[in-house]
Amino acid sequence: MQLTFQGKTYTSAKQAVYAELASTFQDEAGRQRIMDAESADAIQYSVKDVPGELDANEVKWNTRMTQLLYDINLIKFQQYPGTLS
């Protein structure tokens, strides 16, 4: 189920969330791995994968993750209203 978020098309909500997180941290290599994953289940990405200092990244990660989950799921359900049930 494709979805479009901020002009970019993703194969799943999970791909959108994690690719956008990688972009937030300017982790182009991580973003490319996420985009190349063969399925949502194959996507493995965490704050520990982000370049930089873990403690500093965690606050930014959690804040951005919360916003992305809200925004991307809203878009998903607007694009595919039948997925609510």
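Me: Hi! Where does Gln 67 lie?
Reply: Hello! In this predicted model, Gln 67 lies in helix α3.

Me: And is Gln 67 buried, exposed or partly exposed?
Reply: Gln 67 is partly exposed, because its relative accessible area is 39%, and that falls between the 20% limit for buried and the 50% limit for exposed.

Me: How far apart are Gln 67 and Lys 8?
Reply: Along the sequence they are 59 residues apart, and in space their C-alpha atoms are 17 Å apart.

Me: New topic: the largest nonpolar core. Which of its residues touch the most other members?
Reply: Those are Tyr 18, Leu 21, Ile 34, Tyr 45, Trp 61 and Ile 72, out of 20 residues in that core. β1, α1 and α3 each supply at least two of the core's residues, and α1 gives the most, with seven.

Me: Why would residues like that gather?
Reply: In soluble globular proteins, nonpolar side chains tend to be buried together.

Me: What is Ile 34 in contact with, leaving aside its neighbours within four places in sequence?
Reply: Ile 34 is in contact with Gln 15, Tyr 18, Ala 19, Ala 22, Ile 43 and Tyr 45.

Me: Back to α1, then. How many of its residues are buried?
Reply: Nine of its twelve, so α1 is mostly covered. Among the buried ones are Gln 15, Tyr 18, Glu 20 and Leu 21.

Me: What covers them?
Reply: The cover includes β1, β2, α2 and α3.

Me: How far does α1 reach?
Reply: From its first C-alpha to its last, α1 reaches 16 Å, close to the 16 Å expected at 1.5 Å a residue.

Me: And what follows α1?
Reply: Gln 26 follows α1, and its phi is positive, near 55 degrees.

Conventions. Residues are numbered from 1 along each chain as its sequence is written. This is a predicted model: local features need pLDDT of at least 70, side-chain atom pairs count only at pLDDT 80 or more; totals for chains, interfaces and linings use all residues. Side-chain values use heavy atoms; hydrogens and water are left out. A nonpolar core is a set of buried Ala, Val, Leu, Ile, Met, Phe, Trp, Tyr and Cys residues joined through side-chain atoms within 4.5 Å. Buried means under 20% relative accessible area, exposed over 50%, partly exposed in between (1.4 Å probe, protein chains only). Helices (H or I, at least four residues) and strands (E, at least two) are DSSP runs, numbered from the N terminus. Contact means heavy atoms within 4.5 Å. The expected span of a helix is 1.5 Å times one less than its number of residues.
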